[in-house]
Every structure is written in structure tokens, then in C-alpha cells.
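Student: Please take a close look at a single part of this structure. Then place that part beside whatever else deserves attention.

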Amino acid sequence: MTDQIDTLLQETRRFPPPDGFARQANATEALYQAAGKDRLGFWEEQARALEWITPWTQVLEWKIPHARWFLGGRLNVAANCLDRHVRTPRRNQAAIIWEGEPGDRRTITYWELHREVGRAANALKQLGVKKGDRVAIYLPMIPEAAIAMLACARIGAVHSVVFGGFSSESLRDRINDAQAVCLITADGGYRRGAMLPLKRFADEAIAQCPSIRHVLVVQRSPGGAGDESFANMTEGRDHWWHRLLDLASPHCPAEPMDAEDLLFILYTSGTTGKPKGIVHTTGGYLTQVASTTRYVFDLKEGDVFWCTADVGWVTGHSYVVYGPLANGATVLMYEGAPDWPERDRFWKLVARYGVTIFYTAPTAIRAFMKWGEELPAKHDLSTLRLLGTVGEPINPEAWMWYHRNIGRERCPIVDTWWQTETGGIMITALPGVVTTKPGSATIPFPGISAQLVDQKGVPLPKGGGLLVLSEPWPGMLRTIYGDDQRYHDTYWSRFGDKYFAGDGAKLDEDGYWWILGRVDDVLNVAGHRIGTMEIESALVDHPAVAEAAVVGKTHELKGQALAAFVTLKEGHQPSASLKDELKEHVARKIGAIARPDDVLFSADLPKTRSGKIMRRLLKDIAEGRALGDTTTLADPGVVSRLKDQYESEEG
Ligand code: PRX
């Protein structure tokens, strides 16, 4: 961590808001002052921008670690995202502009989206889905993903979106944890020219999901209407989405929801055990995502907002669907890969649809850098006026590249720090107000209380330490689904009254935050959180494996890459083919994002005398560094032998 602090300290470049941008910005300095004077009053002001059926009577109830916001208030998220816009001329504006990977296109106005959501909501009701029921959504990036989420919100069902890149086993575990009664999936989805057979994965999953009563299947396969051959349908359980929606009425009243009713569960990796079902509720979540979208992304009439995240991640929930639609924006959705069929697909999309605001991840920016500045230079990116990043720390050089080659030195960049657990953006520059520094997420959003503390929780004025949130915020997770004890243990046991985010950070002289990354056993691969424990369990699940330890190593494009150290059971021999088989095994169990980059077979793993695997030393080996302190090891010889072996296999 010290190395990183030193490097970041040398960053002296400053980028004040361009005058033109500042003059028209939604955000002003006054927001910070208002929130500084009266934090709860500030959030109430933000909540008032939404449409409530019944106003709240109390803004916050805080019984550590449980917060309830806007008590007594009732509202419906889908009505906020749709109904209030269709009552105005905005009804004819595009809500979603979508492009499929093969190049097919759709534009859906607010009016049309409202009707589709109504139909989907009625279809769910017809299948017996009720308020409070959990609905799993396992879809590619197609408009139906947003329609399905909004349909759930409309009738008060709780959605659990599972990223379409996850395996059938990951889907199964998430469905079972949430006890979902219905699954919405598609026959397939496009990725790099091929059709991913989602329905087949879904069938494998739900063979072991007794809670699922019905499956709605969106048709994405080619061949058009009438060709329903790509998926096997189980009579009575499976229903084609288009057939059910054709028969359903577009009118479906929006269920009045309590501000604290569940809106969704979203699973994320933790340090130990199975993924955690992060619980988000209705009023506070929508207040935070709507207000951050308005001020951080500076949305105006006529903007085309493109957040490149998949709806399977929290960024897709908050900044593809709920935040932008609550603000009546036009969002661009793209189904496929950035390098398909060519590496300038994103820039073609920006030019074709006149994208004005572009929000992506540092891992993507590093890939663009590698592919060369000639690619964006070929395209007209003059409509862009604001850029954003999220998911991991951005290296100052990647920031500068983004600024020059995509922003053409005109566009402010907002580096936004937040988490699945925080629901919405927490630390970011407000464009037009805050001077940026490449690599720094800058300062907390108004109304957010971030603090730097040492290992014991003692606040530090500046320097390196741990990032905690010292006051509750509206979009915060309420608990872990079905496991409140784990909620206490994971986030609150360390400092008691402060939320521990799991990130190390540095606070500089100007009060700017420099996020240094995870301090626990959670890795960040291409902007996605993966617990080392999950991958180790997947490896040990293979019949040849006795023990496994997984560490992250620095990777030029992905941020972190995965290195697995594996001990085999008696009678199994190391081989190149077994290496490949193990990588495949992990991809099959969890999903391709978790596939290890290196697998190293070893007769022993370095352990302390109490039997704990020393991951720190394995990380030194994987990163080719000098070995740290080995004196606590039961057998110090193990680690030097491993290092020699790793280096000879790498070389
Ligand atoms: O380590 C931080 C990193 O991503 C983690 C949260 O991951 P997840 O819940 O998957 O959500 C990602 C999208 C919100 C954080 O604990 N992270 C996220 N944004 C940034 C970041 N690290 C540095 N700078 C950021 N802007």
C-alpha cells in the first residue's frame, strides 16, 4: 500500500471545471453548503423531487446498524420512472435506445416503455407473482432486462438480477438463497458473435430450484417470430414472454409501496462462504440514485446517457435503469462486447446515437489504450460533454488518456467511488463545481459522511488508512438477505458504529480521496468483485484437488488477475491438460469472469503453524516480488521452492 501512496502523491495535475460546463451545470457549490448545514434536510429536499403517494412523517430512524429512511412514506419506483413522464410531452421521447451486438436496433419511447412494463407486470400477476415475492432475472443486455425489473417494481415483487455471464450453478445458488418463485430469462444472448444458450443454463439451474414455479422466456434467437426452436420449453412451467405479453393489458396499477419495502436483492462476493444477498429498499434507494444521477451526470433534456455496465451489476441497476429513468433521460443500451466486430464498436455507437454522457470502467479504458488512439480518432465524438468511471481505482495515465482521446480535453471526468452495498455514488467530483485530480475520486457527495480511520477506528486527518462511512445514507443496504448476523459481522463488527467499506484509501492535504483498493480477501477483476474463497471452493470441488489458494496479481488490463496454487490428491499428476481443466471447471462453476489466469501445482502450500494459508506470500510469488517475512511459517522451505517453480513455469 505504501508504494501506491507514494506514486499517487506525485500526482500534481489539476483540472478545474471548464467555464462553459460550470455555467450550465445542475450542481452548484450551494449543495455542499446546504448538506453541510442540515444533512437530513438535504436528503429530504432530494426525496421531494420524487413523486410520493403518501409523504413521510420521519426522515430517518437510526438504530445502529439498521437505518430506515422516509418512514411512513409510500411511493412506487416504476411510477416514478414512467408514469410521471408519460403525463408530459416527454412521453414521446426515447427512454431506451438499444443496439444488439449483431447490429439490430430498437428505440422505445417513455409511452411505449410504460405500456410494455404494464404488460409484463400483468403477465407476472397472471402467473401468480405477488407483492413481496422474489423474481430472478437472468437476461442479456436487452430492453426486456429493464422492462422486467420495472415490472417487478410496479407490482411490488422483489427482483434479483443475476448477471447473464454467471454459470448455472451460480444462478441456482442465488435463486435458492432468495427462494425466487419465478425466473425471467431468454433463449440466448449475443457475445462476440456467438449465442450464449441462457435457457439451457437456466434449465440446469432450476432442475435444483424447487421454489421456481414459472419461467418466462424472452426470444432473442434469430429466425424471427415463429422460430421458437432455440429453447426447450417445459409445458406448464415455461412461457414465451412475447406470447404472454401479447395477451396482457398494458394497464397495470402501480402498487403503493412503503419506503422501506424491498425493491431488490443483488448478490455480491464476500470474503467467505456464499455470495451475499444485498438488500435495497424503495424510498431511500430511489432518492439517492435519482439525485446522484441528476448532479453527477448533469442530465438535461436532449442528453443521451450511456452507462456501459451490464444490468447484472449494481451500476446497471442504479445508472442504466433507475437513476436515469427517474430523471426522464434517454439511455443507450448495448448488448455486446466492445471489440465486436471491431475494436471501435463503442466509438461507432457514440457517434451514431450522439451520446453526450459516457460512463465506463477503468478496465475498459485500459483496453482502449492498448488498442490505440487511432480508433477513437476515426470517429466523431464531438457530442460527448461529460465522462465518468467506476469500479476500481483509475491509474492517472489511464485518466489522462481518457481525457485526451475520448474527452478531447473538453469534458470533465467524474471518478465515482461506491459499492453494491452503498446503492448509489458516494465519493465523486460534481462536474462544474469540483476541480479534479487524475486518479482521485475527489470528495464525498453532499450528505455523505466519509471518514479515514486507522486499524483501530481512530479518525485520521490525512494520509493512508481505511475508508469508513460514519453516518447512514439513504441508499445504504438494509441487511444481507436472510442473514442479518452476517450483515453485522461483515460491515459493523470492526468499528461498531461505522460502516467499514473494505477499502484502503488515502486522504490528501485538500481532503481529496484516493482509493487504494480492497484490504480483505476480495479481488477486483475487471471491475467485478470476486471472493478468493469462492474460487478456492470451486477448485476444491474438482475431484483431483485437495487444497487451493487463490490470490490476485496486478494485471495491465483487468486490474487484478487470478493466480491459483493447487495441491492435488494422491494419485493425481500435474499436467498442462489438468491445468486447463481446472480453469474450465472454475468458469463452469462460477462464470468466465472467475477463470484463473495461472494455475500452479504444488506439493504444499505455505502455512503458519496454526495452519492458515499465507496468501500474502503467494501474492509476492505471483507478482514476482522478493518474498516478505517467512519466519512464521511452519515450513519456510515450501515458499522458496514454490517461488522457483512459479518463475520457471512463467518464464
Ligand atoms: O474497491 C472498491 C471498488 O469496487 C468496490 C465495489 O465493488 P462493487 O460492489 O462490485 O461495485 C462496483 C461498482 C459500484 C469498492 O469497494 N471501486 C468502485 N468504484 C471505485 C472503486 N475503487 C476506486 N475508485 C472507484 N471509483
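Tutor: Start with a polar contact of 3.1 Å, which links the side chains of Arg13 and Glu397. Keep in mind that this is a predicted model. Arg13 sits in the loop between helix H1 (2-9) and helix H2 (19-24).

Next, the wider surroundings. Is Arg13 buried, partly exposed or exposed? Arg13 has a relative accessible area of 29%, so Arg13 counts as partly exposed. A residue is called buried only under 20%. One distance gives scale: Arg13 and Thr360 lie 22 Å apart, C-alpha to C-alpha, with a sequence separation of 347 residues.

Now the ligand. The shell around the ligand has 17 residues, and the nearest are Asp415, Thr416, Thr420, Asp503 and Arg529. Asp415 places a polar side-chain atom 2.7 Å from a ligand nitrogen. Arg529 has a side-chain N or O atom 2.7 Å from a ligand oxygen. For Arg518, a polar side-chain atom is 2.9 Å from an oxygen atom of the ligand. The ligand has 540 Å² of accessible area on its own, and the protein covers 96% of that.

Which elements build the shell? Helix H12 (314-326), strand S20 (413-416) and strand S24 (513-518) each give at least two residues. By class, the shell has 6 nonpolar, 6 polar and 5 charged residues.

The largest nonpolar core holds 125 residues. Leu113, Leu150, Phe297 and Tyr322 touch the most other members. Helix H7 (residues 143-155) supplies the largest share of this core, 10 residues. Take Leu113 as an example. Beyond four places in sequence, the contacts of Leu113 are Leu82, Ala95, Ile96, Ile108, Ile147, Leu150 and Leu325. A second core is separate, with 41 residues, among them Ala136, Phe163, Ile535 and Leu578. In soluble globular proteins, nonpolar side chains tend to be buried together.

Back to the starting point.

Definitions and conventions:
Residues are numbered from 1 along each chain as its sequence is written. This is a predicted model: local features need pLDDT of at least 70, side-chain atom pairs count only at pLDDT 80 or more; totals for chains, interfaces and linings use all residues. Side-chain values use heavy atoms; hydrogens and water are left out. A residue is near a molecule or strand if one of its heavy atoms lies within 4 Å of it. A polar contact is a pair of N or O atoms within 3.5 Å; within protein, one must be able to donate a hydrogen and the other to accept it, and residues adjacent in sequence count only if both atoms are side-chain atoms. Accessible areas come from the Shrake-Rupley method with a 1.4 Å probe; for residues, only the protein chains shown count as cover. Helices (H or I, at least four residues) and strands (E, at least two) are DSSP runs, numbered from the N terminus. Ala, Val, Leu, Ile, Met, Phe, Trp, Tyr, Cys and Pro count as nonpolar, Asp, Glu, Lys and Arg as charged, and the others, Gly among them, as polar. A nonpolar core is a set of buried Ala, Val, Leu, Ile, Met, Phe, Trp, Tyr and Cys residues joined through side-chain atoms within 4.5 Å. Buried means under 20% relative accessible area, exposed over 50%, partly exposed in between (1.4 Å probe, protein chains only). Contact means heavy atoms within 4.5 Å.
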